[in-house]
Amino acid sequence: MFITVEGIEGSGKSTALTLLSQEMERRGFDVLLTREPGGCGLGRAIRPIVLDARTRSLNMRAELYLFLADRAQHVGEVIRPALEAGQIVLCDRYTDSTLAYQGYGRGLDPEKLRHINDMATGGLTPDLTLLMDLPVTVGLERAGLRNQRQGTILSEGRFDAESVDFHERVRQGYLALAEEEPQRFARINAEQRPEDVLLQCLSAVEVYLGRSGRGLEA
Ligand code: TYD
């Protein structure tokens, strides 16, 4: 089973993913937690180029292909082998990030983006996508505080430094994607406390497993 988590900056994806993976492991599932960009060796080399706020000269097409290079390698090297070995893969960001950020955010053609996403992944789509949704101002404030705490304002802050309008387009983009594919997406209210966010995530996983004739015990 392949689960992705998506959302704007500061939506609490990584906290939710950590809690979800612990809870699923507790229930006996073999879970692999990974992320984009940076879930494989190539991605870890790409990550500072695309996320460092001091990277000034990156144009939007070069940015796009860096995310896609990471994805192609990540799918081949990490995600597919784990799925074939029967693991549950939980991935922090995937193809919908490209549609939301490079499509709705930067304005690149969504149809072309779907096509190259498909080329990069060989058509591997998530079974379930948890969309952590919250107002942009709340998310940006949380992300700013986190970057300050971790000292990553410059090294990881290139997208955080985009305008509020940009992030609003990304959020609306995610909501539109979720509406297009209600079977795959579960919208999570990310303004709640981490333990309540976890409960929403677990119930979305349960609904998916129920639909595919399974339960939330391995
Ligand atoms: P990430 O490490 O996920 O940080 P955050 O905690 O802010 O979510 O940062 C990855 C950044 O890269 C994020 O701002 C979104 C952006 N991104 C894209 O623009 N396109 C993509 O395809 C992916 C995977 C990420």
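Analyst: Strand β1 and strand β3 (residues 88–92) pair in the parallel sense over four bridges, where a pair of strands needs at least two DSSP bridges between them. Within that pairing, T4 stands opposite C91 in β3. On the other pairing, β1 runs parallel with strand β4 (residues 128–133) over five bridges, and here T4 stands opposite T129. So much for β1's partners; a word on the ground rules before going on.

This is a predicted model, so local features need pLDDT of at least 70 and side-chain atom pairs count only at pLDDT 80 or more, while totals for chains, interfaces and linings use all residues. Residues are numbered from 1 along each chain as its sequence is written, and side-chain values use heavy atoms, with hydrogens and water left out. Helices (H or I, at least four residues) and strands (E, at least two) are DSSP runs, numbered from the N terminus.

Back to β1 itself. The strand covers residues 2–7, and six of its six residues are buried, buried being under 20% relative accessible area, exposed over 50% and partly exposed in between, with a 1.4 Å probe and protein chains only. In a regular strand the side chains alternate between the two faces of the sheet. For β1, both faces are covered: F2, T4 and E6 are buried on one side, and I3, V5 and G7 on the other.

Five of the five residues of β3 are buried, so the strand is largely enclosed by the rest of the structure. I88, L90 and D92 sit on one covered face, with V89 and C91 on the other. β3 also pairs with strand β2 (residues 31–35), again in the parallel sense and over five bridges; there V31 stands opposite I88.

Now for a couple of helix residues. A204 lies in helix α8 (residues 194–211) and is buried, with a relative accessible area of 11%. Leaving aside neighbours within four places in sequence, A204 is in contact (heavy atoms within 4.5 Å) with L128, L130 and A186. A204 and R114 are 90 residues apart in sequence and 25 Å apart in space, C-alpha to C-alpha.

R171, in helix α7 (residues 164–180), is buried too, at 16% relative accessible area. Not counting residues up to four places away in sequence, R171 touches I8, D133, L134, P135, V136 and R187.

Zooming out, the protein has eight helices and five strands, in the order β-α-β-α-α-β-α-α-β-α-α-β-α. The radius of gyration is 16 Å, close to the 17 Å from the globule rule for 218 residues, so the protein is as compact as a globular protein of that length; the radius is taken over C-alpha atoms, and the rule is 2.2 Å times the number of residues to the power 0.38. The C-alpha trace spans about 50 × 35 × 30 Å along its principal axes. Of the 218 residues, 52% count as buried. Among contacts between residues at least 6 apart in sequence, 80% join residues at least 24 apart.
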